[in-house]
Amino acid sequence: MNKEKIIIYLVSFMVLFTSSCADLEETDPSNFSAGTFPSASNPDTYRALAYTPLVTFRSFVDSQHGWMLVESGTDEVVVPTRGGGWNDGGKWRQMHFHDWDANHAAVGTTWSDTYKGIVECNTIIEFVEEAAAFDGQAEIIAQTRAMRALFYSILVDLFGNVPLITSSDRSQISPPNNTRKEVFDFVEQELLDILNDLPTVVDATTYGFPTKWMAHTLLAKIYLNAEVYTGTERWNDCIAQCNEVLAGPFGFNTWISGEASDWPDLINPFMSMFTADNGPQVNSIIFAMPNDANNGTRQNFIRRFLYGEVLQQFKVPGSAWNGHTTQLEFFNKFDDPNDQRSKMWLSGFQIDINGDPLLNGAGEQIFVEPDLFAGGDFNVGGSTGSIRKGARSIKYFPDRNSVGSLWSSNDYIWFRYADVVLMKGEAEARQANNPELALGAINTLRAERGATPLPSPITMDHLLDERGREFAFEHWRRQDLIRFGKWEDSWGLNPGGHDPALRLFPIPQNQLNVNPNLVQNPGYE
């Protein structure tokens with residue numbers, strides 16, 4: 001593909017997706033003209049191109065995509081059938097019962113979305129590398145390589161043995177699988193190679209872009225899971241990378257969202273990290289997907305999680321879809337009423353924004369029943385009457401300013417400070433085979449959240465539960481359950497005891513159909 005075609009493709013793609021990310025207005029590619037076309041005399045036009053894979057990355061949280069793949073088979077998220085709703089050909093039932101196959105929609109979209117981002121990164125890297133020298137060139141290349149490493153970290157986690165494509169050479173049209181270790185090694189080396197070219201500044205100008213701190217955190221994350229990925233533990237390396245981040249410009253959040261003026265009992269420092277006015281002022285955020293509801297960016301959790309009366313309850317325009325919820329066993333882990341994190345759930349009798357009972361059309365007060373599967377059936381019945389089954393997450397707090405769209409402006413957080421604190425504690429505990437070494441990290445976090453400290457002694461199960469409370473609905477639960485040896489456990493109506501081969505997802509069937517060099521993962525042949 002020649003350079004002119006590359007640029008035409010990328011600019012055309014970018015025109016379809018605009019973002020309100022800080023300081024991107026002047027580099028909006030829809031404003032490109034002969035005088036602003038990517039050139040060494042106007043380096044910001046290259047940065048606009050470098051934003052392309054960040055836009056693609058945002059598709060991870062779309063309705064049928066990566067977030068659903070990593071969450072809806074865990075103990076913390078389930079999408080039950082509700083009468084005639086949310087059956088969707090049985091695909092969410094398949095996720096809950098770990099009965100997916102290579103034709104599952106979320107398997108296919110996650111694979112294609114992630115490789116789309118990788119192809120974009122490859123193209124941008126080659127184009128910028130061949131350009132005439134300009135200020136910031138090395139940084140843009142490094143940030144794009146960091147995004148490519150992030151995409152591959154998702155693939156190595158979900159699919160394992162995936163093709164490693166690092167150029168736009170069309171001869172790689174049918175690439176074979178690489179081993180999981182080869183992909184892990186690539187991600188590791190890529191990040192180590194670019195560290196010194198990534199920005200260290202943390203402010204509105206770097207928010208939403210990879211920084212040196214994002215790369216250190218991603219290295220810590222792959223080292224934490226290295227034993228799963230490669231069979232060899234890397235605890236020392238994980239600790240070292242965590243120390244780099246902990247010495248950086250981050251901390252536990254103290255900023256309070258403007259939503260606290262209407263919801264003082266719900267909005268605390270923990271919940272403020274996830275409101276629609278979150279952003280670079282939240283010093284816990286290491287890497288996030290910026291969103292702007294009124295410019296069509298992709299985040300619609302509240303529509304998927306809540307019920308129709310959300311308009312009355314939170315003054316959110318439009319309607320909700322009454323879908324995703326959690327399961328009773330997971331909900332019961334939030335058993336400390338003083339824990340700020342307990343505010344992320346709606347359960348019991350509901351009230352509106354004025355503190356009055358939230359009523360349905362028949363004048364009955366809405367009751368959210370946390371025991372979702374009390375009837376023993378995955379189809380929990382329709383949503384008529386006053387009962388709404390399953391505790392609902394409002395962690396990504398309803399956005400009242402979305403002007404009738406289905407989207408919310410809450411920036412989706414990928415990496416944050418608390419994760420680094422707990423990753424270091426876990427790595428130290430695993431290195432010494434002593435769970436007690438994680439107690440300090442756990443209780444440091446619990447103190448920040450207003451929760452009662454855990455007494456000694458603890459087990460690794462206490463650490464897993466703490467990660468569950470802290471990172472519920474944040475895309476880490478599947479990975480955590482696998483690392484802690486709990487992926488085959490039972491929860492909800494899932495009886496457990498599944499084949500350990502299901503710790504990886506299958507390579508999508510449509511990919512196998514067009515690429516004869518691909519080999520399916522074990523357990524799915």
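Trainee: What should I know before I start reading?

Mentor: It's a predicted model, where local features need pLDDT of at least 70, side-chain atom pairs count only at pLDDT 80 or more, and totals for chains, interfaces and linings use all residues. Residues are numbered from 1 along each chain as its sequence is written, and side-chain values use heavy atoms, with hydrogens and water left out.

Trainee: And how do I read a pair of packed helices, say H7 and H8?

Mentor: The general idea is that two packed helices are described by the angle between their axes and the distance between the axes. Helices here are DSSP runs of H or I with at least four residues, strands are E runs of at least two, and both are numbered from the N terminus. Axes are lines fitted to C-alpha atoms, for helices over the stretch in contact, and angles run from 0 to 180 degrees between N-to-C directions. In this model, helix H7 (residues 137-158) and helix H8 (residues 180-194) have axes that come within 9 Å and cross at roughly 155 degrees.

Trainee: How are H7 and H8 oriented, parallel or antiparallel?

Mentor: Angles under 35 degrees count as roughly parallel, over 145 as roughly antiparallel, 65 to 115 as roughly perpendicular and the rest as oblique. H7 and H8 are therefore roughly antiparallel to each other. H7 also passes H8 in a left-handed crossing; that's the term if the near helix is turned anticlockwise from the far one by less than a right angle, with clockwise giving right-handed.

Trainee: Which residues of H7 and H8 meet?

Mentor: Contact means heavy atoms within 4.5 Å. On the H7 side they include Ala142, Ala146, Ala149 and Tyr152, and on the H8 side they include Val183, Phe184, Val187 and Leu191. The residues of that contact divide into eleven nonpolar, one polar and six charged. For the classes, Ala, Val, Leu, Ile, Met, Phe, Trp, Tyr, Cys and Pro count as nonpolar, Asp, Glu, Lys and Arg as charged, and the others, Gly among them, as polar.

Trainee: What do I get for H9 and H11?

Mentor: Helix H9 (212-224) and helix H11 (residues 235-246) pack at an angle of about 155 degrees, with their axes 8 Å apart. They're therefore roughly antiparallel to each other, and the crossing of H9 and H11 is left-handed. Trp213, His216 and Tyr223 are among the H9 residues in the contact, while H11 brings in residues including Trp235, Cys238 and Cys242. By class, the contact of H9 with H11 has nine nonpolar, three polar and two charged residues.

Trainee: How many cavities of 30 Å³ or more are there?

Mentor: On a 1 Å grid over the protein atoms alone, a cavity is a set of points where a 1.4 Å probe fits but cannot get out, a pocket is an open set with protein on both sides within 12 Å along at least five of seven lines, and lining residues have an atom within 4 Å of a point. Grid points are joined across faces, edges and corners, and a volume is the space filled by probe spheres set on the points. The count comes to five cavities of 30 Å³ or more.

Trainee: What lines the largest cavity?

Mentor: The largest cavity has a volume of about 160 Å³. It's lined by 17 residues, with Ile154, Asp157, Trp414, Trp476 and Gln479 closest to its centre. H7 gives the most to this lining, with five residues.

Trainee: Where does the lining of the second largest cavity come from?

Mentor: Helix H3 (52-57), helix H6 (105-130) and H7 each supply at least two residues, and H6 has the largest share, three residues. This second largest cavity has a volume of about 80 Å³. Its lining has four nonpolar, five polar and one charged residues.

Trainee: How about the second largest pocket?

Mentor: About 290 Å³ of space lies there. Of its 14 lining residues, Trp263, Asp265, Leu266, Leu346 and Ile351 lie nearest the centre.
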